[in-house]
Amino acid sequence: MKTITMPSFGADMEQGKLTEWNVKPGDTVHKGEIIATIETMKGLIDMEVFDDGVIEQLLIEPGSEVPVGEPIATLRRLGDVAVEAPPVKAPLVEKSATPLQTDQAAHISSPPPETTATIASQPDLALSANQGHQTSPLISPAARYQAELQGINWGALPAGSGPNGAIVLADLERYIQADQQQLNVTTPTAAPRSIEQDVNTLKMRQAIAAVVSQSKREIPHYYLSHDISLTHALQWLKKYNEDRQPESRILINALIYCAIAKALQKFPAFNGFYQNNQFQPAEQVHLGNAINLRQGGLMVAAIHNAEALSPVSMMDKLKDQVIRAREGHLKMSEMQDATITISNLGDRGSDSILGVIFPPQVALLGIGRVREVAWVEGQHIKPVTIVSISLAADHRVTDGHDGARLLNKINKLLQKPEQLV
Amino acid sequence: MTTANTKPHINKTHLHFLLKQMVRIRRFEEKCAELYMQEKIRGFLHLYIGEEAVAVGVMKVLQDEDAVVATYREHGHALAKGLSMNAVMAEMFGKMTGSSRGRGGSMHIFDASKRFYGGNAIVAGALPMAVGLALADKMQNRNRVTVCFFGEGAAAEGEFHESLNLAKLWSLPVLFVCENNMYAMGTALSISESEQHIFKKAQGYGLAAVEVDGMNVVDVEAAAQKCCSAIRQGEGPHLIECHTYRFRGHSMFDTQLYRSPDEVSSWQQKGPIVQLKQWLEQNGKLDQTEWQQIEKEVQQEIEEAVTFAEQSELEPNSALCRDVYQESA
Amino acid sequence: MHNTVQEQLTYREAMREAIREAMLHDANVFLMGEDVGHYGGCYAVSKGLLQEFGESRIIDTPLSESGFVGAGIGAAMGGMRPIVEVMTVNFSLLALDQIVNNAATLRHMSGGQISVPIVIRMATGAGKQLAAQHSHSLENWYAHVPGIKVIAPATVADARYMLAMALADPDPVMLFEHVMLYNHKAPVPNPTDCPAMAQAVVRKQGPDITLVSYGGSLLKALEAAHALAEQQINAEVIDLRCLRPLDTETLFASVNKTHRLLVVDEGWRTGSLAGEICALVAEHCFWTLDAPPQRVCSQEVPIPYPKHLEEAATPQVEQIVTTAKQIMYR
Amino acid sequence: MKDKAALTHFLLERIKAIAPDSDTDDLDPDEDMRDELDLDSMDFLRLLESIAKQLNINIPEMDYNKITTLNTMVSYLSERQSSL
């Protein structure tokens with residue numbers, strides 16, 4: 001028997017809300033199958049199962065929000081002996097819980113009643129949500145409840161207008177409104193945004209804020225940048241794409257990613273995790289692809305074993321991942337275990353990017369805009385399409401010299417695209 | 001006052017009835033004491049042993065529709081008023097079949113159908129209630145008597161005085177029966193009252209009040225007959241002070257430091273049962289067979305009551321809060 | 001003239017009308033108490049009733065609170081529907097034994113056999129400079145006791161129609177009349193102006209803060225709500241009406257809406273009904289509270305005689321407004 | 001689908017599907033479409049995939065510079081369709 005627990009999709013995730021079960025007790029499942037959808041600060045994530053087996057019990061109901069590590073289901077793996085089921089945890093809805101008034105529920109994003117009841121009847125759960133903050137701000141129960149309900153990290157909110165700076169409902173509403181206005185200014189959109197969208201954006205901003213703050217606090221970054229001519233790569237690409245339907249074409253990104261993955265294989269000091277004052281290199285290269293979400297924010301999804309991928313498979317992965325990320329259907333394994341992150345501003349961004357490392361990783365590679373420059377080659381100046389690839393790396397693990405060698409290696413690989421295949 | 005109703009009709013059957021009633025109460029309570037030791041009965045258990053003549057004598061002259069309001073020493077009154085021994089015993093056991101559904105225990109035996117209104121454990125607290133019951137009868141033109149039993153200790157409470165005054169003021173059909181057993185728990189009447197004749201206090205409020213030998217069931221019955229008759233004639237409240245004695249402690253946990261064993265044994269010698277039994281034997285109205293028959297029948301009734309109580313169900317916890325208010329439909 | 005001026009009724013007259021109506025409606029109803037007959041009632045509620053119904057049904061009692069309250073209990077057990085008037089709540093303490101040990105317990109103690117359908121009326125509260133033995137608000141003591149019901153009509157309509165509900169109730173009902181309400185006037189009410197006995201009523205709706213009150217404090221709470229409205233605080237005012245059983249449904253619904261609670265109660269703060277309401281709200285509405293529940297109660301002092309001190313000792317409008325603003329963080 | 005209006009409608013629909021929150025209502029048909037709508041190369045490729053599948057028109061990379069605005073893309077597609 002195996003207990004399936006609320007997964008952690010990141011070090012900064014403390015709880016998750018089960019929005020949907022895709023299985024029921026008695027269902028046979030296979031490794032990798034999606035068994036549930038989990039809502040996190042970062043959005044909806046599909047949860048996969050890691051063993052073949054039969055679902056014995058579902059321990060929580062959709063709508064329940066539970067801390068990471070809390071059992072949510074049990075699985076009888078192949079070979080496990082069926083045991084008598086322990087008593088099912090009583091439904092999380094308690095009679096004593098006072099349902100919110102409907103008029104109140106209406107202006108939030110219609111939470112399922114179970115959620116309301118669960119939080120109301122499990123103060124410990126709500127408490128645990130912000131344990132990480134050593135100096136939690138004062139917050140009224142109502143504001144806190146609303147914050148929890150909307151997934152807002154109230155621990156990170158500024159002082160409110162209540163006594164001793166306590167955050168009260170009015171502060172929370174102002175905060176959400178302000179955030180909404182800001183979003184409306186920066187992303188001109190036709191349709192009025194739903195509160196739910198705002199809340200998701202808010203959640204994501206908070207997650208990003210937490211991660212980058214921690215990174216900049218703890219990691220001594222150093223930065224290098226290298227302009228790389230794409231002449232050869234583009235020539236190869238042009239030829240490759242020439243006779244192909246759009247669905248089979250490859251974008252330059254796929255080549256660059258392949259080059260990076262292969263280069264990292266040679267420089268493992270940039271690929272791995274720094275934890276407990278120690279660097280542990282990873283055996284495979286799981287490229288974390290920072291995907292810009294159209295509605296704002298970004299997600300990092302890993303491309304597993306990237307060093308082994310051809311440009312074609314790399315392209316397939318990238319395409320699939322972007323589409324799923326924008327629909328909120330990434331798998332949790334993709335979210336969890338990137339060994340290095342690539343931040344790609346795309347072909348329409350700035351010339352280069354000096355990024356922030358995503359802990360516990362030790363490096364981040366930034367890909368700038370693919371652009372035309374005046375390029376000196378020998379005694380000549382000629383127009384050349386280049387890309388600036390930059391490196392932000394953890395000085396505790398590597399030095400600038402190592403970084404320069406990594407970038408050089410990427411450059412060399414991109415000059416011989418045919419070898420990437 | 002008509003003479004026809006003032007004297008009890010003394011014959012063998014009548015006296016055997018009185019004797020048996022007193023034996024029922026005595027043996028029942030002896031069994032209760034035993035069951036108390038075995039922890040089958042808990043709470044306070046106040047035994048009436050020694051005072052049976054009062055309840056039995058008074059109750060003999062009552063009719064079914066007359067009301068009785070008693071104290072926490074009320075097992076005898078309940079049995080004499082006609083409550084079944086089964087219901088009273090089951091109440092002691094706290095069972096659902098008890099006269100108060102087990103909610104009252106020894107001190108709160110009720111039976112509205114028998115017009116037996118407790119089982120009241122606040123000294124003198126039930127006197128105003130008895131006045132009210134009589135007031136209702138008067139207002140509704142019902143010719144009924146409400147009998148209110150209380151100990152001499154109640155005479156020190158304000159409610160005693162308020163009640164006697166109201167009853168007389170409004171000329172209500174109440175018979176107050178003071179069971180003067182000389183001790184309010186352990187406090188002797190002599191050290192608690194300036195006027196130790198309770199009936200005189202009643203006379204002060206204008207009530208017709210008498211004192212009788214409370215150990216003599218025939219005397220008690222005669223006095224009660226006379227008073228009730230007058231009350232039914234519309235002559236207002238009466239009071240009888242019965243001089244009696246409890247042979248056992250106030251409750252089960254009483255070391256009786258306040259009285260001497262000699263005093264107890266001297267009263268025991270003139271106990272109500274022994275007194276009547278001796279008189280009957282001496283006058284050839286009770287033989288050994290008849291006595292044994294009484295004892296046997298009583299024993300059987302008690303055994304049945306214990307079995308009934310033992311076998312009855314306890315109220316489930318889920319029903320805890322019933323009967324706080326009338327259940328809404 | 002009848003066309004232009006709507007007919008008015010005082011609280012006192014409404015209560016008298018209620019008693020009259022009950023007596024006319026049911027021959028088993030009678031009124032007894034100190035000075036209810038020849039004197040016409042200490043607060044003149046029963047004035048004229050002796051002449052109308054006679055001494056057999058309007059009964060002057062001696063000063064024997066325990067005796068006549070107990071007699072009322074006995075009469076109720078005997079099939080009557082007594083209305084027992086105790087002059088003030090302070091005097092009712094002399095009948096506490098009858099009310100708490102008998103009226104409240106008899107049904108349960110007898111396993112459900114005995115009903116005590118009595119109504120015990122009494123004046124309560126401060127405001128008439130009657131000092132420390134005639135001014136207290138001890139309703140909460142009775143509301144503590146299972147087996148009795150406690151009501152506090154605060155409006156003319158409730159004074160007019162709640163008595164009939166109390167008399168129809170099979171259980172003992174304590175009815176509290178705040179002394180400052182007797183002269184309060186309102187248009188002659190209809191029975192429809194008076195909802196069920198145990199139902200709390202929202203006297204004024206508002207989204208910002210819930211003011212809970214009853215009896216003599218209701219008018220103060222309403223006045224405070226109007227003052228608050230001028231400062232853009234729109235308070236909801238709940239009249240509890242029935243202190244036992246409490247209509248928690250109405251209470252919680254309001255607090256869940258406004259997220260803020262202020263209880264106005266003329267009882268002393270320590271161990272008050274206001275404290276009970278705050279506790280209930282803390283237990284059941286914790287996650288909707290945006291501010292700590294607060295109370296405006298009487299100061300911890302026997303009510304003093306001088307007017308200024310009496311006012312200082314009891315809840316006043318200004319204090320309610322100030323406290324409400326604090327709760328609003330304003 | 002030879003009607004230019006229908007083509008325009010089709011394209012905007014597809015763009016909406018690929019980039020749901022892009023503000024196609026305010027799109028200037030003569031401005032660079034990818035700039036206006038913030039379409040990256042992946043989005044653009046997906047648009048071309050749709051066109052290939054639904055209109056059966058394969059736009060080669062060498063023609064990318066002919067389809068930078070909505071109007072030019074519509075014209076381009078219209079021509080290609082008529083030449084089919």
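**Close-up 1. Ile303(A) in strand β13 of chain A.** Ile303(A) belongs to strand β13, residues 298–303 of chain A (helices, H or I, of at least four residues and strands, E, of at least two are DSSP runs, numbered from the N terminus). This is a predicted model, in which local features need pLDDT of at least 70, side-chain atom pairs count only at pLDDT 80 or more, and totals for chains, interfaces and linings use all residues. Residues are numbered from 1 along each chain as its sequence is written, while chains are lettered from A and ligands numbered from 1 in the order in which they are written. Ile303(A) counts as buried because 22 other C-beta atoms lie within 10 Å (buried: 20 or more such atoms, with C-beta atoms placed from the backbone). Beyond four places in sequence, its contacts include His286(A), Leu287(A) and Lys317(A) (contact: C-beta atoms, placed from the backbone, within 7 Å).

**Close-up 2. The largest nonpolar core.** Here you meet a core of 223 residues, where Cys148(B), Val177(B) and Leu163(C) are among those that touch the most other members (a nonpolar core: buried Ala, Val, Leu, Ile, Met, Phe, Trp, Tyr and Cys residues joined through C-beta atoms within 7 Å). Helix α8 of chain C, residues 156–168, gives the largest share of this core, ten residues. Among the contacts of Cys148(B) beyond four places in sequence are Val69(B), Phe176(B) and Val177(B).

**Close-up 3. Where chain C touches chain B.** Look for 33 residues of chain C in contact with 32 residues of chain B. On the chain C side, α3(C) gives the largest share, ten residues.

How values were computed:
Contact = placed C-beta atoms within 7 Å. Buried ≥ 20, exposed ≤ 12 C-beta atoms within 10 Å, placed from the backbone.
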